[in-house]
Amino acid sequence: MTTTTTTPIEKPRQIVRSGRRFISGDIACAEGAIAAGCRFFAGYPITPATEIAEHMARRLPQIDGVYIQMEDEIASMAAIIGASYAGVKSMTATSGPGFSLMMENIGLALMTETPCVIVNVMRGGPSTGQPTMPGQQDVMQARWGSHGDYEIIALAPSSVQEMFDLTIDAFNLAESYRVPVFVLADEIVGHMWERVTIPNAESIKIVNRKKPTAPPSNSFAPFKPDEDLVPPMAVFGEGYHFHATGLTHDERGYPRTESAEVQTQLVQRLCNKIRKNKQKIVRFENAMLEDAEVAVVAYGIAARAALSAVRKARAEDIKAGLLRPLTIWPFPDEQVAELARRVKALVVPEMNCGQIVREVERAAKETPVIFLPKLGEEPHKPEEILDVIRGIHR
Amino acid sequence: MEESGHPYEKFLRKDRIPHIWCEGCGNGIILNCFARALDELNMDLNKVVVVSGIGCIGRVSGYTNTDSFHTTHGRPIAFATGVKLANPELKVVVISGDGDLFAIGGNHFIHAARRNLDIQVVCANNFIYGMTGGQYGPTTPLDTWTTTTPYGNIEQAFNLVHLAAACGSVYVARWTTLQTRWLTESIKKALQKEGFSFIEVVSQCPEIFGRYNKMETAIKMMQWFKEASVVEHFSDPAKAEITPHRIVTGEFVDIEKPSYGRLLKEMKTRIAEKK
Amino acid sequence: MTLPEVQTQQKDDLRIGVYVCHCGLNIAGTVDCEQVVAFAATLPHVVLAKDNRYTCSDQGQELIKKDIKEHRLNRVVVASCSPRLHEPTFRRACEEAGLNKYLFEMANIREHCSWVHLYEKEAATEKAKDLVRMAVAKAALLEPETESVVPIINKALVIGGGVAGIQAALDLADTGYKVFLVEKEPSIGGRMAQIDKTFPTMDCSICILAPKMSDAGRHPNIELLTNSDILDVKGYIGNFKVKVLKKPRYVTKDCSACGDCATACPVTAPNEFDLGLATRHAIYTPFAQAVPSTYIVDRNLCLNKENIIVCDKCIKACERKTIDFNMKPETLELDVGTIIVATGADVYDPASLVNYGYTKYPNVITSLEFERLINAGGPSAGHLLRPTDMRIPKSVAFIQCVGSRSEKGNLYCSNVCCMNTIKDALLIKEHWPETEIYVYYVDIRAFGKGFEDLYKRARKEGVHFIRGLPSEIWEDRKTRGLWLVGENTLLREVYKTNVEMVILSIGLQPRVDSDIIQRLCNLSRTPDGFFMEAHPKLRPVDAPTGGIFLAGCAESPKDIKDSVTQASAAAARASILMAQGKVTVEAITSQLTPESCTGCQMCVKVCPFNAITSVPELKKVELIEAACSGCGTCSAECPFNAITMHHFTDAQLFAQIDAATEVDADKKIVAFCCNWCSYAGADFAGVSRMQYPTNVRVIRTMCSGRVAPKFVERAFARGAAAVLVSGCHIGDCHYINANLQTEKRVERLWKKMERLGLNKNRLQLVWVSAAEGERFASKIKEMQSTVSNVNPEEIEKSRKMTERG
Amino acid sequence: MPVRTWRRPLDADKVKPPQAEVHIIKDRCKGCGYCIEFCPKDVLEESNEINKRGIHPPKVIDEERCALCGFCSAVCPDFAIYTTEKNCKEKKTTK
């Protein structure tokens, strides 16, 4: 690896370290967060996400941010909600076990509509499982892990560059919709070193949360939404003297545990502010799908093998293509459905026993879906996927 | 609601009063003393954040006319950590119960104290889980009766002031809700102190704890406080017992120690200067 | 020293010398001393008997010393005055001649004989012989005793922070001794602080007192304990253990006395210092110059009861955060060598004299209230205001001797009131010369230095002095003025005067709580109720109890000058002791004969000083002589004669009884008197020349508790007509409560007499204080009927007394 | 010193503590009775009237007696009682 030459001399207080760099996925994620304006990180050491914490611990103090290592992931999650309500973009990074511990407070973040980012560098589970091995086993947990009904946003990077880009995206989405946003990376993407191009600060698009326009008053309603169903966000210390609670609450933020109406209104809105804005949120990538007969649907690390498999197939004159969702949640099901109507079959490689494949099947209707599971150290090999493509072609 | 002209109205969310607490509940007195403390220090209410957890006293954040947050069970201190570090200008006060802070939230308490995080923690200790109907908890005295100790409690209780002192709090005090004057002074002192301060308020739950333990009325519980409480400033917190006959109250710790916030700030300036 | 020989001496080696004193004519005027001498010479072991005019004179003492050497006397008996007066003198003489002082005995033929039988010369002479016989009998059995020497702690306790206490404390402290000055009020200063001007110099009282107060306050050797009570005094001369209760002020020393707390305090009450003429708050300082200046909370008035703080106004008002409701009372244990009692006096409360209408007519005030009114720092800023209309009266009347020199109040003269009134009258004239002033008096007593001049000045200023107190005062409903009616005893005419204001010149009286200090310090009180000195002439500042001294009005009413004088004297007396560093204590203590002890513990139960402890494993008791104070009640209680009371042994007392009853027993009263009260009372009867029958023979014991039933029985067995047991009043016992045993024993004896069909009136018990000579005398008179009624059969029967059962 | 204080102090009027006004917000009261129980001057007692929560709020027996210590309002869990100085318009806290 001969790339240190591309790295300019470190300027510690420089916020966006523009230029071409050779860094790991975890570091890219951290730099992305900083570029997006994250100034608060609370976390707890866990493989394979630890490097994000380590990098934040070094970088944040240099740029007047705060890194704190909490007593556990429960605390970390609570802390970033607090920081966000204090008006600072915040994030935490963890892996499976820690992700499980965060679930209750992720629910709190959803209920209190707290913009924040949770990075899960997935490893092999269940339980302590394989700390140093890749996996894609938490994608459903990300969707349904916390109790109660809600909609969530989750992004799946498959390269170090995307670790940078999608983390920025994650913050922007979180700020736009006042939701916790997940970055579902995996051990390989996290630990992999690649060349990354970090753009100039000014060319990076940054979104900040909407602020209330009315001055503080007794009638201020912190949870009264605009047309986009997202309420402007007041933060502590601005004089609004508002209240927020994990209890079912009205637009004033006051508990209304007895009212079915308030409950319906609130939970519906929490879901709809994602559903109704799905078009704006969903991100995906197509490769050679125009005339495809066989389509592979893959995300994260699995998508990398899938892409080379598709290329190899094309070399053998097999009309194959790739659909790569960048947002696993919300899931691009319209796109999959449209695709399913014009291909023979869909191939879904995942590093689990079948999770997103269910979403694909649900969208594909009659079109057959072939699933390629993978567990343990090795990700899919292009050949494994190519064989399946060949099989369909015949 | 009517314009009552009550002097502490301005510290309350008028539209939320009367509160949900039962007749004679100590929580109201704690809120009262807190309001008085804010008044006497005439604090900038825009810079005060009240954070609470789950349980009867958890509702307190819904009544203070400040920015406030009602967190999940056991997590107010963790949440407050984020708030305080993100905006050091804010006075972050955690008001919560014994179960919330010391059972499910115990870990956060000891670590925040260890870090000497710049927050004030006021614990309403009513010896039980009131909101869920009176189960025993980490502070339930030995041999007392609750819905889940139908044969009397066989667990040892936490001595909260001892715990807080051991974890490194810079200010530790315990008062009963009858000692409103001292309690108010303590809250004022804590609010002006740098670092992690802890005030245990021995509070009454006449509705449940009282009924279960031969103190059927609010007055009877207050009589207990009146007869049993002794003030022993700076006595050994390890010996600060709470028994039917003796409630040791007073200030137990009042020391100076750089807070987490200060050390963080100093570290940042060191880094800045290096360049 | 002759001690060793004496101890091993056979009785026939006894060589007793008897000296009969004429005491001028005090004794010789009544008693035929030659006869007594001749008689003494006939007594066993008496090798020489002499009389002389004044045995206590130097020649008298020299003679005794000479004789001891020349005639190898090994016992000396002096028949003269009370041993309470001159025993020390003669003991010293004996010692100087090398004779152990415990081998000296005295016969009290003055106070107990010549003075009380002035007109019965023969009988008195016979009695004198008996008394000498008794003394010689005891002398024959006297043993030499060795006195233990105890060190004296170089610290003093002064009780009472008035001018006397302050002076005593300052003198001792300046001498270099550590002093604990205990005052029960929040501030030192006492009465003098309340007074406006002092006579005869007319200078401002507080102005001259305040500097002394602050000196006392910051003297390195003085530890000020205000708001404190004496709880307990144990031990003995040179080694007192004192318990002091230091009540909390609820304000710490850091108090700057700014007074903000008082301003904030919502509750008020009349200020005691201003006699209720001004208000104070629950947190207050009694007066501006108070020492210590630290404020104090009156918890009875304060809204904060028990441990609830309901009101925090003062706490909030106090910038220096010095108010601490959590303060607790402390009990301090002080070790001191000497104690000065300067507890002062109360003023007479004239409300009981209804004819003067005090508390009925607001314009009738007391002289102390006057002091506050005329005082510039007082409630009326120095304006003499009529309480009813707040204007300055054009005419005032002073009434003297209110509560003094009369059955209605106290019998004695309060000493200061005359001059105080003269001073007050002049003050009024000074401020408002036009005021008509009438002083109604009994006698004007202007005896002190500069007093007469002041009196003259008052007369010259036109103050009217009328002899004869008004019999009644009533108020004019309209003017609220007052009508005084009485007789001018000089002009022999009735007067009826109208004045706008009346000032009652109230007297001084003993502190209502004097009994507490009296009990704690084993003091005696005169009939007036003031503390009694060890000797009215020669030891005027010593209390009868060693190591304790008296100063100021606690001893008797006196003005500031006398109080200060006495205080300095007391300090000097205390210093002498402490300077010596050690003191020898009388060898009059009990001693255990373990062989005879059965461990029954009777003695353990009765010892007031816990000097005896039981040793069950040995079936014995242990007696700590150092802790023994010598009442002898243990010895009286012991059924096995296992306890010997030094210098008052069974044998010695039996010998005295036998001697007393040798002739005409059936006409005699054998009286047992305790050294401190009843014997002193009998002395007092003598000093006051109270006459009573001659047939009483007094045997002195240290305490009535020493009087064992067997002594009484012995007296009856010997055919005595009657027996009198007497001691201090219950509660006044100088051995805490040993006289309770006396009471029990006498009651037991009465029962026994009843069983034996004896007339129990023949045994009498009477409590006589040192001041109650009259009581003693009349008891003897009263017993005469009993004596004359005893017939031979009765006497015969009573010989059975000694038999068991 | 045992002193007979029978006179009305000369400065009685000057040091007269301010007159109190006790304000009870009846409908807030939940009837715990603390204010009645712990009033050092026994100014309050339970009334017969029934507030909208169906309990008997306290009533003032004798306002004269009130020393303005403000403990009633300090110990009230329901912000239902407070005291002010008479004839001073603006209600001020017990500070």
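Tutor: A residue counts as buried if 20 or more other C-beta atoms lie within 10 Å of its own. Please keep in mind from the outset that the structure is a predicted model.

Student: How is that idea applied to chain D, and what percentage of its residues count as buried?

Tutor: Chain D has 95 residues, and 42% of them count as buried.

Student: Which helices and strands make up chain D, and in what order do they run?

Tutor: Chain D holds 2 helices and 4 strands. Read from the N terminus, the order of these elements is β-α-β-β-α-β. The contacts within the chain may be read alongside that order. Among those between residues at least 6 apart in sequence, 59% join residues at least 24 apart.

Student: What is the confidence in chain A?

Tutor: One reads the pLDDT, which is the predictor's confidence in each residue, from 0 to 100. In chain A the average pLDDT is 95, and 97% of the residues score at least 70. Residues 1-9 of chain A, however, have a pLDDT below 50. Beyond near neighbours in sequence, that stretch has 11 contacts in the model.

Student: Into which domains is chain A divided?

Tutor: Chain A is divided into domain 1, covering 4-203, and domain 2, covering 286-393. The C-alpha centres of these two domains of chain A are 27 Å apart. Their contact involves 22 residues from domain 1 of chain A and 21 residues from domain 2 of chain A.

Student: Which elements of domain 1 of chain A contribute to the side that touches domain 2 of chain A?

Tutor: Two or more residues each come from strand 6 (130-134), helix 5 (139-144), strand 7 (153-155), strand 8 (180-186) and helix 7 (187-191) of chain A. Helix 5 of chain A gives the most, with 4 residues. Sorted by class, this side of domain 1 of chain A has 14 nonpolar, 5 polar and 3 charged residues.

Student: Between which chains are the most contacts found?

Tutor: There are 4 pairs of chains that touch, and chains A and B have the most contacts among them. By contrast, chain A does not touch chain C, the nearest C-alpha atoms of the two being 30 Å apart. Nor does any contact join chain A and chain D, whose closest C-alpha atoms lie 19 Å apart.

Student: How many residues does each chain bring to the contact between chains A and B, and which element of chain A gives the most?

Tutor: Chain A brings 41 residues and chain B brings 35 residues. At least two residues on the chain A side come from each of several elements, among them helix 2 (50-62), helix 4 (96-111) and strand 10 (243-245) of chain A. Helix 3 of chain A gives the most, with 9 residues. The chain A side divides into 25 nonpolar, 11 polar and 5 charged residues.

Student: In which sense do strand 10 of chain A and strand 2 of chain B pair, parallel or antiparallel?

Tutor: Strand 10 of chain A pairs with strand 2 (residues 67-70) of chain B in the parallel sense, over 3 bridges.

Student: How many residues take part in the contact between chain D and chain B?

Tutor: This contact takes 19 residues from chain D and 25 residues from chain B. Helix 1 (34-38) and helix 2 (71-75) of chain D are the elements that give two or more residues to the chain D side. That side has 9 nonpolar, 4 polar and 6 charged residues.

Key:
Residues are numbered from 1 along each chain as its sequence is written. Chains are lettered from A and ligands numbered from 1 in the order in which they are written. This is a predicted model: local features need pLDDT of at least 70, side-chain atom pairs count only at pLDDT 80 or more; totals for chains, interfaces and linings use all residues. Two residues are in contact if their C-beta atoms, placed from the backbone, lie within 7 Å. Domain bounds come from an automatic or database domain assignment. Ala, Val, Leu, Ile, Met, Phe, Trp, Tyr, Cys and Pro count as nonpolar, Asp, Glu, Lys and Arg as charged, and the others, Gly among them, as polar. Two strands pair if DSSP finds at least two bridges between them. A residue is buried if 20 or more other C-beta atoms lie within 10 Å of its own, exposed if 12 or fewer, and partly exposed in between; C-beta atoms are placed from the backbone.
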